[in-house]
Each structure stands twice: as structure tokens, then as C-alpha cells.
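Biologist: I want to go through the aromatic rings of this chain. Let us take the contacts in turn.

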Amino acid sequence: MRFLIVRACSLRVADRSSGAIPRFRVAGTWRELWDVLRWYAHNRGYDGNKAWSRQEIDAAAVKEDAEKVQNARALLDKYGARTMAETWCAVCGLDPLGEKASCDMPGNKRPKALNAAFPREVVEAEMKAILEAHYGLLPSADGLLRDALCEEWSAIACPAIRLPLRFRGGLLFGQLVPRFENRIIARCPITFERLYQSVLESTGDADLAKIEAEKRSKVPTVACPEFFRYRWAMQVANVLVAAPAGARRLTPEQRRGLDETMRERGAMTPGEFKKAVRAMTGEASDNLDQMLLHPDADKALVLDPIRRALNGRDIAPFYDSLPEPLRKRAIGRLRRGARLTLGEIRAWMNDDGAAFDTVAERVIEAANTRRGQKIPVLTREALLATALHIEPPSGRAPHSRKLMREVAEFVFSSAGHPAEEGGPLFRSEAVRAAQLQRVIDEQTNNHLVRHRLRILERLHRDLIASYAKGDAGAVARLTIEVNRDLRDFSGKKAKLIAQDLGLRLSNFKNVAAKLEEKLAGQTFNGRPIPITPGLIRKARVAEDLGWKCPYTGQSYEPIDLVSRLVDKDHIIPRSERPSDSLDSLVITFSEVNRMKGKRTALRFIEDCGGQQVEGRPQLSIRPQVSYLEAVKALESFKGHDDDKKRKRNRKRLLELRDFVEKDFVPRDLTQTSQLVRLGAQVLEREYAAVPEKPVITSLPGSVTGAVRRSWDLLGCLGAANPLAMDPATNQPRTKTEIRDITHLHHALDACTLVFATKFLPGRGRDGSAWELLVRRRLNSEQQGRAKELFKNYVEFEKDGTLRLIDLPKTFKDQIRKRLAERRVVQHVPADMSGMRAELNAWRVVSVENDNALLRQRIRQPDGTRPLKEKKEKTSKLVGLRPGKLQKLKAALVVADNYGLALDPEPQIIPFHKVWVRLRELREKNGGRPVRVLRNGMLIHMPQGRYAGTWKVFSVKNNSSGMALDIGRPDVVRLLNKSEGSRINVLLASLLRDGMSVLASPLCGIAPNAEVR
């Protein structure tokens, strides 16, 4: 704008007010006009988040914005004003034609406190009218200037202005469109290897081959049409139908027939998809029910979301009434992610909208005819305000556009699967080898995943150095367990992650609290009722079902879970679907469970609906219609996303008639998610030169769950942290409670994995042992095989159920000893950039003896400005040195400390210009490195009251001197006067007893290790 303002010159003042222009005096100079334009830019109004339309919009925020717009319209009516400027002048008691003045109003009476936001189009219209009123009166005030300020910033060529490509709109009303995808774009490994080898063979230049492969193997966003078609093709490729020689895939003709149907509709419902497939295959047995159990299965049945929306019952009549050019225009707007209202479509048609108006009248009449008493009358204005918006999916596609097109062509021209040998997605050894050579940053755009993979690299090297004496060849087996929440947590700060974890555990905690309330004071068999993890687990299922049996509709109470009047039931018999996840269970009466037998829930209802329950004649099984209505009515939209997913999965299982078991094959142990594959790849790099590579295993959840249920290892934590045991019962606390006490529960899970992969299967590394463990109920031949593999560590019940015997005492003693070492290490980031200060400045009243007296007034919602006063150390203040803040007698308080420097003498280092302060300290220390103690670091005390190893939780400067809050390395949070926690320990006492700062490897330090 400086380029534009330089050309300004003074002109005479002229009064000019009319029509839509706010009543004001026409500016005599560009400076006067510029003040007005800036005011409009700061009060730009509400535009419906158009620039953010590709991002999911929070419903509560939309409602709040709508209320602000309604408030603004109410103010227009109240003051009889036509514009925003006139409205605010009326609110403040100012004359638009008077001299410039400031209003003196309390905070709760000011415009900002009225919770009003004028529509953006109103504000833009005002400003455009003002600019147009100055055409010919001020130099360069013309249509191009108006367009540059309001519409498109590049309307006037201006070399001095350089804006990012993401900037949209005019200079005053535009904004940077948010980046919905990470800057680091992933590469398709298969495309990368193809291009690399092709360029290498033709040129012989490896560097050029890598550059070309990097450039042309980028993966697009999932919003591209190639991804929608790829996803649909993979869904079709996974369909299996029964055949005399075993399961077969669909024929090319059948696949093309499905594709033609999908292209016509744009999308299918799961029911339509199953009906179409079964019509082609002659109602043969298939795997469709199992495929569509996946929570994301519905998404794969959408080929063209725009066509699906336009084919909808409410929109199709209006779309059919449009001429072809306007249809293309509407589709283009929707593909760009914009919101489109029926009113906007009608405005395009001008006087040629007779067909549109006829449809609108018919829709209004039909809606008002069938409306209920509580439903308001549908008006034409309300109908035209109906908005159509297609929310594009977020994220990156797994492959390049070209490869995804190849996959679709392969699927619809053959009967094979793209991932099998000969298919475009087959990962050859060359592709796998090439992936090992690529750095982590090139393979994932997820910050948190990259960070964890680098930590995994360091941990792996430290483990080899500590336990294998640096010899990678001594390692025979590695087991991976990945935190599936990494993708969800990426980009979130610690506070948001903690909030998310709290929401994940809220269902568990709420149900546990409900049980304690309902069972308080009650006994069973003459004993108080303990709230055990098993009881909470059952209650969570009951809570999801509204504390009603799904088969009978009969209610029950928490005490009935204790007495076993009701108990768990597998919706799909466990012999067919070996899963004990919460979504696979319901709670029903024991007699109903026996009556159901080995049938799916829906099959049981079909066979026994309306019958009395054997042994409980007062109960009867629901009819099928009533059962399906009750299942449909089950709540599935409250709680964390995990809770919603669990409830939706349970509803799908309750509506499933037949279940075809998915065979457990050895490949299940190695063919895993992208996260596990990346983890395995990081580990494999260390063994590139080792002749015999170790076996890298990722256990499926069904296996680890079966092992954890068999061995009761939580009690082993008591030796390391007594707080993990409940003193009232001398039993381990629940897993949720232990998570808040000690980090060692992760180590205990690792012990479970180690024993599961090394100890139990013996020499069975082909997965057959795990298959038997998961099946649990085995025939005589399978029992013999299990005894051969598991030796004397399994036993069988009468019905053939496999049960692992408990671990021998020697192994549990070994676990206790290792846990007692408390080998917990916290990753301490090395980043020292930035300034972590409070946002609001304080007035510096006085400075005395390294302490400053500060005052602050912040306006409250009620308009008051209470005085706050406090004292702070001058070392925590920014603004005491010459500069802008010092001139204003103001200072910012640096809230966080970087750490505590021990050399040349102890002093706190605030998180501001850390590297400068460390450089100064190093000079004072004679050029020697400065020891810095930071939160999360380990210290060792060889003697005295605090002898042992401790983790630093906080570094502070109290009135009594510098002090630390410390705890045992495994402690999650400090509790004053409790085991493993020490608050306000004076640094002088620790230094006197020989404190040393430990440089620990990520695998920790044993208590008897030599301290450096």
C-alpha cells in the first residue's frame, strides 16, 4: 500500500452523501481516507468462513457466528441505520458529519461488547461505495484500486508487494488460506523406485535419477478424483465370493458392471452395494458383511461426492431444472469446496427461473403439508438459504496419481488383486530395499511420527550398545508395538494431548464413579464389593446399551453384574470371531446367553423372536422388528471418537446375520499398518551388514490381548512403586489408576510382549502358535499341535478352550527386579529458540534488589478494570533494557525457565535468548562448557538424605534460595509427602551431597552402574 499512498495529494473538502453511502464528509486527503479504510479493514465483518470451507467447521462456532450476525441486524433495526458505520456512531453517540472524536464509554457498552458482527458483504458494499464516491476527487481513486483493495490484490501491478500464493482476496479484506496439509509431501515408494531405475538406466546418473524420482512421485491429497476411484477399485478388488474350488474374486465383467452402476450414482450405500454384488453373483456366500464392518467402509463407496449430493432427494429437482452451463458452474463451485445456496443458484438465472420457481413452490407445499406441530412453516426465504457444501476429505493419498490410475485400470480389467505379484501395488524386494535407504522425513509428513521414529533409532542403538555390547549380530528377534494415537496427536501441544487423553479415559472414569455410587454400602456373599477392572469393563458395555438387555429389552442394575444375574455375551460367537473387545460384547441374562448358544445376535432373534426364555418365563425374546428398531436407536454420537467408533461397531455386529471367519495366517504377524512398517524399516537399517537378520514381529492385538489376560503381571509393579497397590485390598490398582502413578506400566507391557514372542511359541516362528492361541477352543488335532509348540505352558478345559498357565515364579521375580531398577528416561528437547512470555505487558512500578514491582489492569467482560499487583525477579522480565518496552515503562514476564545453570555459579536461565545467555556464562566459566539442569533430566545423589537417582520436575528460585521438585524416575506426577516425591529441595543441599547430572542413554541406567 505504501506504493499507492506515495501518490496521494491534498484536495479540497466536499460534502457528498447519498443512498447507500454512510453519512460522512468526503476526505480531502488520502491520509483521511486511509484512516477510514483501515477502520473498515479492522471491522471487516463475518463472511461465513469461506476461506476455511475445506476444513470441518465446529457446529458450536457456526451457531455463535450466526447469533452475532442476528445481533448486528437487530442493531440496524433499533437505530434505523442503513450501514455499519451509522450503527456504531449511533451506539457511541457520535455524529458522522461532526469533527473527529473519541467516545468515553464503559467496556460493557462499547461496540465490541455487543457481540455483533455485520455480514462481510454489507461491510464490503459500504467501503466500495466510499471509494466510488472519491472517483475523480483523489488521484488513483478508480475501479482498479477498488478491485485491488476489495476483490483481488493483484488487480494493480505493484512490485513492492509480494504475497504468498495462499493469499486470497483484496489487500484489505483478504487473508491467507490455511494449509490443510503438511508442507512435507510424501512420496509413493513404488512410483519412486520405478522412476529411479528408469532414469538411472537411461542416464547412469544416480543423483539425477533421485531428483527426478522425488519430483514425479509426490502423492496428491485425498481430495483428488484419482484417489476416489482408487479407493473404490480397492473395495471391489477385496470382494470374495464362494466357489466350488474355494473363495474367488469377482470376474472382470462383474467388476465392470459394478463400476458402471457406481459411475451413474456417484455413491452407494452398504445395502445397495451388497444388493448389486449379490445380484451379479447369484446370492452366493461372500465376505461383504465382514468388509463393511470396518468404520471407514462407507467412505470407500463414494466415487463422486458432488454427484451424490446433486442426486439427493432435496437437491435433485432444483439441479434438474438448471440449464447445462449453470449445472457446470454449480459443480465447479462445489468442487472448489465453496458453499452454495439455492438463493445464489436462483440469482444466476435472472428472469429465466420459471422452472426453478415451480420446483421451489412444489417443495414448500410438500414440506408444509407433512410438517409436524413443532416444525416451523417453510418459507421461500428459508428454502433459498439452504446451503450445499461438500466437505473434501483431508490427508494425503497413499500413492501417486499415475499409480492410482493404474490400480483402477488393473482392477476393472482383470480378476486379480493389485497387491499380489504382477499387480501394480506389488512391493518387490527392490522397492523394499530402496525404502530402507530413504530418510524418515521423505516417508511421512507427520511431525510426531517422525519424532518418535528418530527416538526409536536412538533407543535401538542404545539397547544394542548396553545389552549386546555393540554387536548387532547378537540380536535374534525384535517385537514392535505402535501407539495408534500418534497420528491423532501430531501437531497438538502437550496441553491438548492431555485433554484428548482425558476425554479418552472419561468413559472409564465416569462408569467407575457410577459403580462406586450405586454399590456403596452393598455386600455380596457377606463381603464388600470391590470395583475391579473386570467389573468396570462389564459396566462400560452396559452403559453403552443403556443398562438393558438387547435381546429382551429388560433393564438390570449394577448389582446384577456382581451376582452374575447378567453377564457378557459375544455378539458373534467367540469360536467364530475370537475377539473380546468392548464392541464385540453385550450384557444379557445368563439364561438368554445359554439359549442363544453359538448363533449371531441377529440369527438368534430370527430363530427365537417372541419365545419365552428357558428358565426365566417372565422374560421373552424380542421380535425381529422390535430388536432392529432398538439397535438403531442405540446412542452412538456422544463421547470421544473412540467411544463413538466402539458404539457404531457394536451396532454393525448386532445387525450382522452371518459371519465368515477370517483365517489367521502367518502373514498377519508381518503385514501391518504404515506406522509399524516404518518402525520395522528403522530397525532393519542397523542390520544391513549382519549376515543373519533378526526376525521383526508386530503382534496383532488379538494375540497380545490373549496373553495379557492369561498372566496377572500388574502385581509386579508393587516392588518398584508401592503406590501401584491398593492398601485396602493389597491388590493392584486398575490400569487407569496406575497410568497416573507410574510410567513403568509401559515396561510391564514390554515384558508381556517379550515373553509372548520369545518364551511361549518355542521354535514356532511361522505364526501357527499364535493362530492356536487366538482360537482358544481347539479340536483334538489342534490340541496336540498346541502341546507340541507350547510344551507344558498350556492346559485345556473340557470344551477344548486353551488356557495359558501362569508364568513361573522365577520369571515374575526377574520382572520385579528389572522394574525395581526404575529405568525410565524422559526425552528432553534440545530446542532453545523462542520466548515463552505472558502475552499481556505489565507496568513496571519500581525495581529494587533484583526484584520488580509490577501492576496490570485488564478489562473484564463487565467493563471493570481491576488492579493486579505482583513482584517478580528481574531475571524473568523482558523490557528493563533500553528499547520500546522500557520507554513505555512496561515489561513482559517470561513464564517458563529453560533450566538451571550450575556453572560458574548456580542461576536460573529464563526461556528468552537462551543461546546468548549460555554463551555469556561459558565466557564467565573460562570457556568451559556450562552444566545446565532442565526439567526431565536425571540427577544422582551418592549419599545423604536424597541418596539415589531422581528426575527433575521443576526448577525455581524461592525466597529461601534455588530449589528443585524431584521424584523417582518412574513417577508420573509429584504428590507432596508421598513415596517417591520430594518438593522444594534446596539446591545447596543437593550440591553439598555431591549431586551429579546424568547423561543417560534412552534405555536408562541401572542403580549399580558407574555414574559419569
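Biologist: Which residue lies over the face of W950?

Modeller: The model is predicted. A charge counts as over a ring only if it is within 6 Å of the ring centre. Here the distance from the ring centre is 3.8 Å, and the residue over the face of W950 is R968.

Biologist: At what distance from the ring centre of W348 does R329 lie?

Modeller: R329 is placed over the face of W348. Its distance from the ring centre is 4.2 Å.

Biologist: How many aromatic pairs does the count come to?

Modeller: Two rings pair if their centres lie within 6.5 Å. By this rule the count is 11 aromatic pairs.

Biologist: Is the pair of F192 and Y196 stacked or edge-to-face?

Modeller: The ring centres are 6.3 Å apart. Planes under 30 degrees apart count as stacked. The planes of F192 and Y196 are at 10°, so the pair is stacked.

Biologist: What separates F192 and Y196 in helix α7?

Modeller: Helix α7 covers residues 189-203. F192 and Y196 are 4 residues apart in it, so the separation is about one helical turn.

Biologist: Is F192 buried or exposed?

Modeller: Buried means under 20% relative accessible area. F192 has 6% relative accessibility, so it counts as buried.

Biologist: Is the pair of Y551 and F604 stacked or edge-to-face?

Modeller: The centres of the two rings are 5.5 Å apart. Planes over 60 degrees apart count as edge-to-face. Those of Y551 and F604 are at 90°, so the pair is edge-to-face.

Biologist: Where is F604?

Modeller: Y551 is in the loop between α24 and α25. The pair links distant parts of the chain, 53 residues apart. F604 is in helix α27.

Definitions and conventions:
Residues are numbered from 1 along each chain as its sequence is written. This is a predicted model: local features need pLDDT of at least 70, side-chain atom pairs count only at pLDDT 80 or more; totals for chains, interfaces and linings use all residues. Side-chain values use heavy atoms; hydrogens and water are left out. Rings of Phe, Tyr and Trp (its six-membered ring) pair if their centres lie within 6.5 Å; planes under 30 degrees apart count as stacked, over 60 as edge-to-face and the rest as tilted. Helices (H or I, at least four residues) and strands (E, at least two) are DSSP runs, numbered from the N terminus. Buried means under 20% relative accessible area, exposed over 50%, partly exposed in between (1.4 Å probe, protein chains only). A charge sits over a ring if NZ of Lys or CZ of Arg is within 6 Å of the ring centre and within 35 degrees of the ring normal.
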